[in-house]
Amino acid sequence: MGAWELLLVGALIALGLCGVLVPGAPGSWLVWAAVLWWALKDPQPVAWAVLIGATAVLLLSLAVRWALPPRRLRTSGATPRMGVYAGAGAVLGFLLIPVVGALPGFMAGIYLHERLRLGGHGEAMAALRTTMGAGGSSVLAELFACLLIAGAWLGAVVWG
């Protein structure tokens, strides 16, 4: 697979990561489809292993999201800007503290947004709890699964 095709697969994965934060967008399936395309174009054992792992992670993510409360983020006061803060925090946390950093990064992004919007620590913590209870945990589960898949793909491309 050429460099341009790898860049296109990476762009599709990045678009899928952004799509996770947009209600109604099939972000996780776009990430999976990009990995599928990569595995079909570059049929190496590591590519198939990443595809099988991505499929398992997405199915596990679906099971976890079905067990969590349904998404009602709009009723909790969540805005698209909050999604940007949360997503940026998750990606930054994922890179700074590999893998597990996405969890506190996501919540730190929501907290930072609410702290800037509301001004106080207590109000921001209350808004964070409300957002996570209203479906933020479901978004976090889906985003975390997609970040794991993106990390596995990137690791396979760089070191595989």
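Author: Trp29 and Trp32 are 3 residues apart in helix H2 (residues 27–41), so about one helical turn separates them. Before going on, note that this is a predicted model, where local features need pLDDT of at least 70 and side-chain atom pairs count only at pLDDT 80 or more, while totals for chains, interfaces and linings use all residues. Residues are numbered from 1 along each chain as its sequence is written, and side-chain values use heavy atoms, leaving out hydrogens and water.

Now the rings. A search of the whole structure turns up 2 aromatic pairs (rings of Phe, Tyr and Trp, the last by its six-membered ring, with centres within 6.5 Å; planes under 30 degrees apart are stacked, over 60 edge-to-face, the rest tilted). Trp29 and Trp32 make an edge-to-face pair, with 6.3 Å from centre to centre and 80° between the planes. Trp29 has a relative accessible area of 41%, so it is partly exposed, and Trp32 is partly exposed too, at 23% (buried is under 20%, exposed over 50%, partly exposed in between, using a 1.4 Å probe and protein chains only).

The other pair is Trp38 with Trp153: their ring centres are 6.4 Å apart and the planes sit at 85°, so this pair is edge-to-face. Trp38 belongs to helix H2 and Trp153 to helix H7, so the pair ties together parts that are 115 residues apart in sequence. Both Trp38 and Trp153 are buried.

Let's stay with helix H7, which covers residues 121–159 and includes Glu142. Glu142 counts as buried because its relative accessibility is 5%. What joins the side chains of Glu142 and Ser28? It's a polar contact of 3.1 Å, meaning a pair of N or O atoms within 3.5 Å; within protein, one must be able to donate a hydrogen and the other to accept it, and residues adjacent in sequence count only if both atoms are side-chain atoms.

One last stop is the cysteines. The structure holds 0 disulfides (a disulfide is a pair of cysteine sulfur atoms within 2.5 Å).

Technical notes:
Helix = DSSP H or I, 4+ residues; strand = E, 2+ residues; numbered from the N terminus.
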